[in-house]
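Subject: A structure for you to look at

Hi there,

Here is the structure I promised to pass on. Please open it next to this email and follow along as you read.

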Amino acid sequence: GKITGQTGVFYDYCSLPQRKRNAEEESLFQYQLPGMHMLYVSDRSLVLVLPDTPEGRSGTRPYIDRGWCFFEFCVALAYERIANLDEGNVNRLARRVPQNHEE
């Protein structure tokens with residue numbers, strides 16, 4: 001869907017304090033965590049999935065094998081919020097995710 005009016009960008013990794021967090025960052029992180037799912041289910045949000053690891057980066061787990069990435073991807077997929085689902089790598093990931101509890 002098209003978002004009208006104000007537009008914001010939430011870039012997951014950079015928008016929340018990562019580890020090691022100081023006390024203030026930890027407080028902010030804990031405050032934001034309970035509402036994170038709203039970014040992936042709201043009809044006012046679109047999710048852009050960037051599953052590829054940058055060239056030259058080694059020792060990182062594949063996108064779909066990371067817990068939070070997998071959760072966020074599945075939620076956005078279930079709520080049809082993924083803006084770039086037609087891209088090859090994103091579409092291949094989507095086909096790997098079971099679509100119902102029987103699969």
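**A leucine on the outside**

Let's start with Leu48, which is exposed because its relative accessible area is 55%, above the 50% cut-off for that word. Please keep in mind as you read that this is a predicted model.

Where does Leu48 lie? You will find Leu48 in the loop between α3 and α4. Leu48 also belongs to a nonpolar surface patch, which it makes together with Val9, Tyr11 and Leu50. The area of that patch is about 480 Å².

**The chain as a whole**

Now step back and look at the overall layout.

Taking the contacts with a separation of 6 or more, 53% are between residues 24 or more positions apart.

**The nonpolar core**

Next, please look inside. The largest nonpolar core is made of 20 residues. Tyr40, Val49, Tyr63, Phe73, Leu77 and Ile82 are the ones with the most contacts inside this core. At least two core residues come from each of α3 (38-41), α4 (67-78) and α5 (88-96). The largest share is that of α4, with six residues.

Which residues does Val49 touch, once its neighbours within four places in sequence are left aside? Its contacts are Tyr63, Phe73, Ile82, Asn84 and Val90.

Val90, Leu93 and Ala94 are buried residues in α5. These three are on the same side of α5 because the arc they cover around the axis is only 100 degrees. Among the parts that cover the buried residues of α5 is α4.

What does the face of α5 turned away from its buried side carry? That face has the exposed residues Arg95 and Arg96.

Best wishes

Note on methods
Residues are numbered from 1 along each chain as its sequence is written. This is a predicted model: local features need pLDDT of at least 70, side-chain atom pairs count only at pLDDT 80 or more; totals for chains, interfaces and linings use all residues. Side-chain values use heavy atoms; hydrogens and water are left out. A nonpolar core is a set of buried Ala, Val, Leu, Ile, Met, Phe, Trp, Tyr and Cys residues joined through side-chain atoms within 4.5 Å. Buried means under 20% relative accessible area, exposed over 50%, partly exposed in between (1.4 Å probe, protein chains only). Helices (H or I, at least four residues) and strands (E, at least two) are DSSP runs, numbered from the N terminus. Contact means heavy atoms within 4.5 Å. Patches are made of residues with over 30% relative accessible area and no salt bridge: like charges are joined within 9 Å, nonpolar side chains (Val, Leu, Ile, Met, Phe, Trp, Tyr) within 5 Å. Accessible areas come from the Shrake-Rupley method with a 1.4 Å probe; for residues, only the protein chains shown count as cover. A salt bridge is a side-chain nitrogen of Lys or Arg within 4 Å of a carboxyl oxygen of Asp or Glu. The arc is that of the directions from the helix axis to the C-beta atoms.
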